[in-house]
Amino acid sequence: MSGDVSSFPQDSATVSTPAASTPLGAVPPDSAAGDATPPQFDAAAAQHPSPIADAASESAASGEPAGDRLRQLEAELESLKAENESLRGQYMRIAADFDNFRKRQSRDQDDLRTQIACSTLSEILPVVDNFERARQQLNPQHEEAQSLHGSYQGLYKQLVDVFKQLGVAPMRVEGEPFDPNFHEAVLREPSDEHPEDVVIAELQRGYRLNDRVLRHALVKVSMGPGPGQAGGAPAAAADQGDAQAGD
């Protein structure tokens, strides 16, 4: 009998079968039972580490204490907050300046439109004056002249209506106190009926455009009673006083 092992009979019951190999990447049963953290949570924590853990890891890598690193991060946070407040204040100031600029531009545009309207309407006012002079002077007698005069009056009324729609209104100055803001005194004369500095007559009509003077009114202003009457009153009072003294 030779020493070849293959010649010995083999008992199938005593031959041990190789253990089932664990697939690559699979979690062994013992380790799966002992680990309570799911693999998904580990992946999320690895992707988004917390700032404290990050600071701790950096301080551990650099060899400095974790408290110093936290204090440094707090100082940086306070600095960023202060910078944010400064930028916010600058933004608020710029926004306020822009709002004031927009309002100022709107006022300037309104003033410019009013000035253009005033200059344009001032050129048309002499035409209105001529219409009024013609209306006062004309006195048609015949039927044809009356028809022409009616057409003329209709045209004048249309012009006045357009002025009213634009905000133009005539001034009423007779009997009013003289005001240099609205009146321009051309003549001054004594008057027994009106006190001093009162408008006696209107020589040229003045007009307003809303609250702005479109054209000053040319007026005649009273100087009060004449010098004879002004001096006669004291003389009469003096004579009356002498008479009472003689009695």
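Figure 1. Leu 187 is placed in strand S2, which spans residues 183-189. The coordinates shown here and in the following views belong to a predicted model. Together with Val 186 and Leu 203, Leu 187 makes a nonpolar surface patch of about 260 Å². Leu 187 has a relative accessibility of 44% and therefore counts as partly exposed, since that class lies between the 20% and 50% limits. In soluble globular proteins, nonpolar side chains tend to be buried together.

**Figure 2. The largest nonpolar core, with 13 residues.** The members that touch the most others are Leu 121, Val 128, Phe 163, Val 168, Tyr 207, Leu 209 and Leu 214. Two or more residues of this core are given by each of helix H4 (66-137), helix H5 (143-165) and strand S4 (207-209). Helix H4 supplies the largest share, with five residues.

Figure 3. When residues up to four places away in sequence are not counted, Val 168 touches Leu 121, Phe 163, Tyr 207, Arg 208, Leu 209 and Leu 214.

**Figure 4. Asp 129, a buried residue of helix H4.** Asp 129 is found in helix H4. The relative accessible area of Asp 129 is 7%, so this residue is classed as buried, the limit for that class being under 20%. With neighbours within four places in sequence left aside, Asp 129 is in contact with Gln 204, Tyr 207 and Arg 215.

**Figure 5. Asp 197 in the loop between strands S2 and S3.** Asp 197 is not a glycine, yet has a positive phi of about 60°. Most residues other than glycine have a negative phi. Asp 197 counts as partly exposed because its relative accessibility is 35%.

**Figure 6. Asn 210 in the loop between strands S4 and S5.** Strand S5 covers residues 212-215. Asn 210 likewise is not a glycine and has a positive phi of about 60°. With a relative accessibility of 57%, Asn 210 counts as exposed, because that class begins over 50%.

Methods
Residues are numbered from 1 along each chain as its sequence is written. This is a predicted model: local features need pLDDT of at least 70, side-chain atom pairs count only at pLDDT 80 or more; totals for chains, interfaces and linings use all residues. Side-chain values use heavy atoms; hydrogens and water are left out. Patches are made of residues with over 30% relative accessible area and no salt bridge: like charges are joined within 9 Å, nonpolar side chains (Val, Leu, Ile, Met, Phe, Trp, Tyr) within 5 Å. Accessible areas come from the Shrake-Rupley method with a 1.4 Å probe; for residues, only the protein chains shown count as cover. A salt bridge is a side-chain nitrogen of Lys or Arg within 4 Å of a carboxyl oxygen of Asp or Glu. Helices (H or I, at least four residues) and strands (E, at least two) are DSSP runs, numbered from the N terminus. Buried means under 20% relative accessible area, exposed over 50%, partly exposed in between (1.4 Å probe, protein chains only). A nonpolar core is a set of buried Ala, Val, Leu, Ile, Met, Phe, Trp, Tyr and Cys residues joined through side-chain atoms within 4.5 Å. Contact means heavy atoms within 4.5 Å.
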